[in-house]
Amino acid sequence: MRSTLSFVFLGFTALSLQATAQNLDLIIRGGSLIDGSGSPAIKADIGIAGDRIAFIGPSTGKKAKRVIDASGLVVSPGFIDPHTHTAGDLSDPNRSRNAPYLMQGVTTVATGNDGDSPTAIGATLEKWNHQGIGTNAALFIGQGTIRREVMNMSDEKPTPLQMDRMKALVAKAMQEGALGISTGLYYAPGSYSSTEEVIQLAQIAGQYGGIYDTHMRDESSYSIGLLGSVRETIRIGQEAHLPVMISHIKALGADVWGKSADVIALIESARKDGVNITASQYPYTASGTSVTAALVPRWAEAGGALLKNLRDPSLHTRLVSEMNRNLERRGGPDSLLMTSSRDQSIVGKNLATIAQQRHESPVDAAIEIIEAGGSDVASFNMKEADIEAFMRQPWLMTCSDGSEGHPRKYGTFPRKMHEYVNTRHVISLEFAVRSSTSLPAKTLGLKDRGLLKPGYFADVLVFDPKTFKERATYEHPEVLATGVRYLSVNGQLAIDNGSLTKTLAGRTLKH
């Protein structure tokens, strides 16, 4: 039998396996090691053999195929993003490297959030495996996708037969490896679902050990309100008997600015009552959505009749009135910046400017934009005080919610480190790393990931804390971040001395 040598080094249990001590692929030496647990940084070396961490401790006397000097650098687990929109990227051979995330130090992404996912979970994961992907990836099954599959864009209550079909689709997705079920209850058709309907589907995911991830029904005052939506989420967790994760938690718009304290109190109370509830957040004051989702009431989208309803004279007064109210919630026409549209002439302009140039009201301009194919927007609707209050919570994870035209897809993780750790001192570096590594790994149920620990997968990040920052802006959202010196995905270097390699070492992660 092979002997095992263990020793304690500066608070770590350093494990050196005789079988791997002489066959190390990589040693990362001399860095400031933050293990992802929230513990203080220490000076330690890491040895990697194959796709696993072989030891943590002094590397004196050990040899490897390659040794990296990490002096003056931070060594941490690779970041895990629990909420992205990368399914399209990962499915496209030209984008499957997932470069915007690798350059932020992200080694694992979850996608299929906001109730929108591929229908065929198993086939999608198999395609990614066959094609090759740059980061590890996992999928949620989207409740909105399932409802659309069974009921199209109907706003009706499902029949018993339709509910059975939706439950069967959730069960199939879970059997094929989905992490759980996601909802986008703010968006159509998810918004047409009652709480009871969602609970029934979430129960199926829970029976397979999955989790419930939600873009809540209301982050502002559109329908049941921010606090009402948090209560709805808690109820779903309680009655469906599964963990719940509030995606990109925020207080959106003037009606709810300052309500972060009330939201936190609700979540803390639920946690004390035994509800396993967490949340994720991106560190920007602007959300990313579309003109339609921001301004048009959901009833106008029912049955897929959006354009017909926009052009119906009998509905015009009601539509304009409700869209004006929604515009007020968003902070007015100056707050909506066009980021991606078929009409390139409007990109980079806010709705107020477009309306002035067209000599019409902002809502009339918005209707014209929608009729012409729509536009994505950066919606400036949050206050820093609320962002910081949420960020300080121990159950709060980092997520990008990355979408085209918004800098968060390219800059979320370095921005959090640079802006909120180094500049504003809102949280410590160790706290920030934990929120981006072990906490999402635990929440998503990812085995042997999220910590620097012997036997764990070698998803290891080495970054320069002085230069790790975002470069993407609202004007130029697709600029890669800086500061990642080395990034190992399953033991293979995806970034080497600051440059992307051709390695596609990511793996699909099933529930």
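Modeller: Let us begin with the salt bridge, defined as a side-chain nitrogen of Lys or Arg within 4 Å of a carboxyl oxygen of Asp or Glu. In this structure, R325 and D255 meet in such a bridge through their side chains, at 2.7 Å from N to O. The model is predicted, so local features need pLDDT of at least 70 and side-chain atom pairs count only at pLDDT 80 or more, while totals for chains, interfaces and linings use all residues. Residues are numbered from 1 along each chain as its sequence is written, and side-chain values use heavy atoms, with hydrogens and water left out.

Colleague: How many salt bridges are there by this rule?

Modeller: The count comes to 30 salt bridges. The pair of D255 and R325 links distant parts of the chain, 70 residues apart. D255 is in the loop between β14 (244–246) and α9 (260–272), whereas R325 is in helix α12 (residues 313–330). Helices (H or I, at least four residues) and strands (E, at least two) are DSSP runs, numbered from the N terminus.

Colleague: Which domains does the assignment give?

Modeller: Domain bounds come from an automatic or database domain assignment. Here the protein chain has domain 1 (78–287 + 381–450) and domain 2 (289–379). Their centres, taken over C-alpha atoms, are separated by 26 Å.

Colleague: How is empty space found?

Modeller: Rolling a probe the size of a water molecule over the atoms shows where empty space is left. On a 1 Å grid over the protein atoms alone, a cavity is a set of points where a 1.4 Å probe fits but cannot get out; a pocket is an open set with protein on both sides within 12 Å along at least five of seven lines; and lining residues have an atom within 4 Å of a point. Grid points are joined across faces, edges and corners, and a volume is the space filled by probe spheres set on the points. The largest pocket holds about 900 Å³ of space. It is lined by 47 residues, and the closest to its centre are H85, D114, D116, Y187 and T289. β16 gives the most to this lining, with four residues. The lining of the largest pocket draws at least three residues from each of domain 1 and domain 2.

Colleague: How many cavities of 30 Å³ or more are there?

Modeller: There are two cavities of 30 Å³ or more. The largest cavity has a volume of about 60 Å³, and its lining includes H248, Y282 and F390. Helix α15 (residues 384–391) gives the most to that lining, with three residues. The second largest cavity has a volume of about 30 Å³, and among the residues lining it are S341, R358 and G374.
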